[in-house]
Structures are given as structure tokens and as C-alpha cells.
Amino acid sequence: MILLFGFGGVGRTYAELLYEKTDIRIVAVFDSGGGVGKKDGFTPHEIKQLLKTPRGNVSRAGVGKNISLDEALEISQVVVDVSPPNYETGEPSLTLYKKAQTRGLAVVTANKAPLALAFQEVARKRLYYKATVMAGTPLIDLLKGLPPQRVLRIRGILNGSTNYILTRVYKDGMPFEKAVEEAREMGILEPDPRLDLEGIDPAAKIVIIGNTLGIRLTLRDVVRKPLTLLGPVTRYLAILDSIEQKALVEPARLDIDDPLHVDYTMNAVEITTETNTILIKGKGAGRKETAYSLINDTVKALNN
């Protein structure tokens with residue numbers, strides 16, 4: 001039984017695919033205007049009604065009954081968080097996670113902010129978060145499978161929005177400002193573009209990667225340099241030095257034959273271990289990609 005916290009693009013895609021691909025049921029849905037619940041779970045028809053409801057109006061959909069988060073936690077097994085990130089405090093998600101975990105519920109999340117700010121506070125056994133980094137590509141699963149092999153260094157292109165902008169500049173000859181505007185119009189740039197252009201999004205991701213490897217970092221520990229053009233070919237890199245336990249986000253010029261190169265919204269990560277160098281490339285975002293990752297974690301959470 002799922003409490004779905006957030007009902008924007010990803011949340012709605014998650015609900016739709018969950019009912020299409022599994023027998024799992026949602027018992028509560030919350031958006032910015034409140035929430036509705038149904039103890040025995042919404043029917044497919046009721047989910048379709050909710051999907052037709054304008055954003056922010058779930059509580060007025062005429063489906064189920066209006067309930068509080070505390071009431072919803074009482075009838076749920078798993079909290080799925082797809083709400084917008086709050087990089088100032090991590091709220092309201094951070095408090096929700098703690099309440100859920102106190103009740104023995106699992107938390108599945110695509111929201112990076114609570115983990116980037118307070119990973120160690122919520123990093124209990126039943127926290128599932130692979131949708132937070134390279135959602136369309138199972139990087140977190142890979143990292144969890146490496147111990148006892150020691151990771152020495154990670155560098156990656158973890159922000160598809162800025163990579164799209166840089167590709168348009170250097171591959172397609174578009175002026176930087178126009179590429180930024182195009183990314184905004186396409187909806188791939190965050191509503192607050194500073195999250196992308198000032199490196200907050202990739203910084204949050206490298207913090208999550210570090211903590212997955214046992215390195216205690218928070219967002220405040222990451223040195224961030226804003227995106228600037230350094231000449232061909234600039235990429236916006238997130239770098240983790242596991243030995244020094246330091247993290248950095250910065251624009252850098254890469255050699256043309258550097259294996260990290262990917263274009264447009266693709267992501268790439270190079271993992272250097274004591275025995276190997278692993279390169280993983282794939283989609284880092286997208287509604288369906290993120291929703292599928294969340295569903296995979298949901299199934300795991302219900303079976304553990």
C-alpha cells in the first residue's frame with residue numbers, strides 16, 4: 001500500500017505505470033493542495049480520475065476522502081516521494097521520512113534534497129533512492145555492489161540540463177544564452193535554473209554517491225563552481241575523491257577522446273577502483289525512466 005507524496009509529472013507517470021505493470025495499490029496521494037486516501041487502495045478507475053485532476057487539486061478530485069499525512073501513514077507500507085526538492089531545509093520531505101521510518105515504513109524517493117542535506121539521519125535499512133541519481137540508469141545499484149572493492153575516484157556528467165546546453169553550444173554552434181533559453185522552454189531546466197547552472201543538482205548527486213560509498217558528506221561540503229564556458233569542449237563535472245573525502249562540481253575542458261563525453265541530456269560516470277575502471281552511460285532523467293526506477297525500488301521495499 002503506497003503513500004504517493006507529490007503528483008506532478010513524475011508522480012502521475014509513476015501512478016499510471018504502477019497500475020499498468022503491477023498489482024500494487026496506492027492508498028493516499030498528496031500534492032501541494034492536500035491529500036486524499038482510501039484504506040483499501042484506489043481502483044484503476046479512481047486513479048484515472050486523479051490523473052485527470054489539475055495539479056494542486058487532488059483534494060478536490062471527489063475520490064477517496066481528504067486525509068492528513070499522519071492519517072495516511074497509518075494505512076501505508078511505503079512512502080514514495082516525488083515532491084520538488086527543497087535544498088534549504090529538505091522539508092517537508094525530511095520530516096515525512098522520519099515519521100515513516102519511526103512507524104516501520106519504507107521510503108522510496110526521487111527527491112535528492114533530504115539525502116543531500118541529511119543522508120545519515122535517514123539512511124536506515126528501508127531507504128530506497130536509486131531514482132535520485134541517473135534515474136534511468138542503475139548507478140546506485142552498481143555502487144552498492146562494489147564493496148569490498150575500494151572506490152578511489154568518481155567523476156561524472158550528472159546533470160543532463162547543463163550537458164544539453166553545452167552540447168548545443170559546441171556541437172550545434174548555438175549561443176550560450178539561447179541554449180539556456182531553449183532548455184528552459186523544453187522543460188529540462190529546473191524552474192529555478194540556479195539548481196542546474198550553479199551546480200546544486202550535480203552537487204546533491206555527488207553527495208548521495210559519496211554516502212552510498214560510506215563517505216559522510218552533505219551538500220555544504222561540496223565545492224561548487226558555476227557553469228562557465230572554457231572553450232571546446234567544456235563539460236560540467238561532479239568529482240569525488242574518495243581518498244581525500246572531498247567533492248567538487250566544476251566546468252572543465254575534456255580532451256576530445258575522453259571516454260566521459262556524452263551529448264545532449266545523456267549522463268556518464270567513470271568509477272576508478274583499486275582494481276578496475278568502470279564507465280557507465282545512460283539516461284539520467286525523464287518521467288518514464290524515473291517512474292520505472294521508483295517502481296523497481298517500490299517492489300523491493302514491499303518484499304524486504
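Biologist: Where is the place of Glu 250?
Modeller: Glu 250 sits in strand E11, residues 246-253, where helices (H or I, at least four residues) and strands (E, at least two) are DSSP runs numbered from the N terminus. This is a predicted model, in which local features need pLDDT of at least 70 and side-chain atom pairs count only at pLDDT 80 or more, while totals for chains, interfaces and linings use all residues. Residues are numbered from 1 along each chain as its sequence is written, and side-chain values use heavy atoms, with hydrogens and water left out.

Biologist: Is Glu 250 buried or exposed?
Modeller: Glu 250 is buried, at a relative accessible area of 18%; buried means under 20% relative accessible area, exposed over 50%, and partly exposed in between, for a 1.4 Å probe and protein chains only.

Biologist: And which residues is Glu 250 in contact with?
Modeller: If neighbours within four places in sequence are set aside, Glu 250 is in contact with Lys 225, Arg 235, Tyr 236, Leu 237 and Ile 239, contact being heavy atoms within 4.5 Å.

Biologist: What about Thr 228, what does that one touch?
Modeller: Not counting residues up to four places away in sequence, Thr 228 touches Thr 234 and Pro 251. Thr 228 and Pro 251 are 23 residues apart in sequence, and their C-alpha atoms are 6.4 Å apart in space. Thr 228 belongs to the loop between strand E9 (223-224) and strand E10 (234-241), and it is partly exposed, with a relative accessible area of 38%.

Biologist: New topic: which residues of helix H4 are buried?
Modeller: In H4, which spans residues 93-102, Ser 93, Leu 94, Leu 96, Tyr 97, Ala 100 and Gln 101 are buried. Seen down the axis of H4, these buried residues fall within an arc of 160 degrees, so they line one face of the helix; the arc is that of the directions from the helix axis to the C-beta atoms.

Biologist: What do the buried residues of H4 pack against?
Modeller: They pack against strand E1 (2-5), helix H3 (69-74), strand E5 (78-81), strand E6 (106-109), helix H5 (112-122) and strand E7 (127-128).

Biologist: At what angle do the axes of H4 and H5 cross?
Modeller: The axes of H4 and H5 cross at roughly 25 degrees and come within 10 Å, where axes are lines fitted to C-alpha atoms, for helices over the stretch in contact, and angles run from 0 to 180 degrees between N-to-C directions. H4 and H5 are therefore roughly parallel to each other, since angles under 35 degrees count as roughly parallel, over 145 as roughly antiparallel, 65 to 115 as roughly perpendicular and the rest as oblique.

Biologist: Which residues in H4 and H5 meet?
Modeller: From H4, Ser 93, Leu 94, Tyr 97, Lys 98 and Gln 101 meet Pro 114, Leu 115, Ala 118, Glu 121 and Val 122 of H5. By class, that contact has 6 nonpolar, 2 polar and 2 charged residues, with Ala, Val, Leu, Ile, Met, Phe, Trp, Tyr, Cys and Pro counted as nonpolar, Asp, Glu, Lys and Arg as charged, and the others, Gly among them, as polar.

Biologist: And how do helix H1 and helix H2 pack?
Modeller: H1 (residues 9-21) and H2 (residues 44-51) pack at an angle of about 160 degrees, with their axes 11 Å apart. That angle makes H1 roughly antiparallel to H2. Arg 12, Ala 15, Glu 16 and Tyr 19 of H1 make the contact with Pro 44, Ile 47, Leu 50 and Leu 51 of H2, and these residues divide into 6 nonpolar, no polar and 2 charged.

Biologist: Which residues of H2 are buried?
Modeller: Glu 46, Ile 47 and Leu 50 are the buried residues of H2. Seen down the axis of H2, they fall within an arc of 100 degrees, so they line one face of the helix, whereas the face turned away from that buried side carries the exposed residues His 45 and Lys 48. The cover over the buried residues includes H1, strand E2 (26-31) and strand E3 (34-37).

Biologist: Backbone check: what is omega for the bond that joins Glu 91 and Pro 92?
Modeller: Omega is about 5 degrees there, so that peptide bond is cis, and Pro 92 lies in the loop between E5 and H4. Pro 147 to Pro 148 is also a cis peptide bond, with omega near 10 degrees.

Biologist: And what is the phi of Gln 245?
Modeller: Gln 245, although not a glycine, has a positive phi of about 55 degrees; it lies in the loop between E10 and E11.
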